Amino acid sequence: MNSIPSVDLNDFISNNPIKKQQFVDQIGKAYEDIGFVALKGHFLDEQLVSDLYSEVKSFFDLSEDVKAKYEIEGIGGQRGYTSFGKEHAKGKKEGDLKEFWHFGQYVEDDDKLAQEYPDNVMVSELEKFNAVGEEAYKMLEKTAQYVLRALALYLGLEETYFDGYIKNGNSILRPIHYPPIHTEPKEAVRAAAHGDINLITLLMGAQGRGLQVQNHEGEWIDAIAQADELMINVGDMLSRHTNNKLKSTIHRVINPPKELWGTSRYSIPFFMHPISDMKLDVLDKCIDDENPKQFEDITAGAFLHERLVELGLIKK
């Protein structure tokens with residue numbers, strides 16, 4: 001496959017069973033073939049998107065000293081600010097050419113999980129930053145819930161199979177700033193080739209060239225969304241849970257051509273995680289004689305910890 005399929009969530013949430021089934025078939029096949037889709041019909045309106053980008057740019061424009069006070073030690077970067085070059089892809093030594101922020105879950109009616117997760121970090125310099133981030137988080141979480149319902153049906157499961165696992169899940173909204181490049185990078189790129197850890201990722205800001213996806217033939221293809229689309233891909237947790245039926249595809253963000261080095265790039269992925277107790281054991285429906293079980297049993301929490309160590313965000 002040499003292009004990213006586009007689907008419309010309005011088809012799934014319509015009262016038309018034919019359109020709903022077409023959406024299920026289209027997104028399921030896309031995730032088997034390439035692991036990515038571009039999605040229209042999500043729950044982010046234009047004003048919220050505009051407000052979020054405005055607040056995010058304002059935060060990254062703050063001085064390094066101000067941003068540094070929001071970098072919280074000891075939590076593996078799960079909340080607040082992570083400075084430039086600190087994160088690297090699995091198996092890479094060079095830090096990615098980016099800085100980022102993490103908004104986390106807003107726990108409802110679960111004291112145990114409220115204590116398990118770090119608190120969200122409040123930015124005192126920007127009055128609207130945290131409120132806008134929370135609203136975007138909830139709209140992306142709602143969108144992700146419907147995508148996972150469609151995938152549950154595609155896998156032959158109950159439509160609401162994932163609902164209990166993602167309610168109060170350990171999901172992350174990550175505004176990223178790729179600053180201008182001032183000198184020739186020796187090895188580093190804006191985001192080295194990697195697969196995502198989580199169930200699915202919803203990406204804002206995939207307009208314009210930069211994001212690339214590796215297809216099954218090993219070729220890198222551009223993944224460019226329209227202005228009203230989110231790019232959504234399968235993460236390693238969902239790939240593992242489905243015995244690699246749904247593909248977690250390697251992707252990267254390449255450096256721009258030299259004439260565009262002086263420009264920033266912003267992107268905002270939402271990493272949909274389940275609760276830590278979710279078992280990622282391979283689904284029985286995804287095992288047969290031709291596709292024997294490929295992965296050992298593990299919980300989402302244990303898997304996440306392993307990967308954060310590999311990414312350099314948690315020390316052994």
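**Figure 1. Strand S13 and its pairing partners.** In strand S13, Arg 265 is the bridge partner of Tyr 178. The model is predicted; local features require pLDDT of at least 70 and side-chain atom pairs pLDDT 80 or more, whereas totals for chains, interfaces and linings use all residues. Residues are numbered from 1 along each chain as its sequence is written, and side-chain values use heavy atoms, with hydrogens and water left out. Strand S6 (residues 176-178) runs antiparallel to S13 and is joined to it by three bridges. Strand S8 (residues 200-204) is also antiparallel to S13, with five bridges, and Leu 203 has Pro 269 as its bridge partner in S13. Strand S5 (residues 172-173) pairs with S13 in the antiparallel sense over two bridges; here Leu 173 is partnered by Phe 270 of S13. Strands (E, at least two residues) and helices (H or I, at least four) are DSSP runs numbered from the N terminus, and two strands pair if DSSP finds at least two bridges between them.

**Figure 2. Burial of strand S13.** Eight of the eight residues of S13 (residues 265-272) are buried, so the strand is largely enclosed by the rest of the structure. Buried denotes under 20% relative accessible area, exposed over 50%, and partly exposed in between (1.4 Å probe, protein chains only). Arg 265, Ser 267, Pro 269 and Phe 271 point one way, while Tyr 266, Ile 268, Phe 270 and Met 272 point the other way. In a regular strand the side chains alternate between the two faces of the sheet.

**Figure 3. Salt bridge between Lys 69 and Glu 125**. The closest N and O atoms of this pair are 2.7 Å apart. Lys 69 lies in the loop between helix H4 (64-68) and strand S3 (80-82) and Glu 125 in the loop between helix H5 (111-116) and helix H6 (129-154), so the pair ties together parts 56 residues apart in sequence. A salt bridge is a side-chain nitrogen of Lys or Arg within 4 Å of a carboxyl oxygen of Asp or Glu. Lys 69 is partly exposed, at 48% relative accessible area, as is Glu 125, at 33%.

Figure 4. Arg 149 and Asp 163 form a salt bridge with an N to O distance of 2.6 Å.
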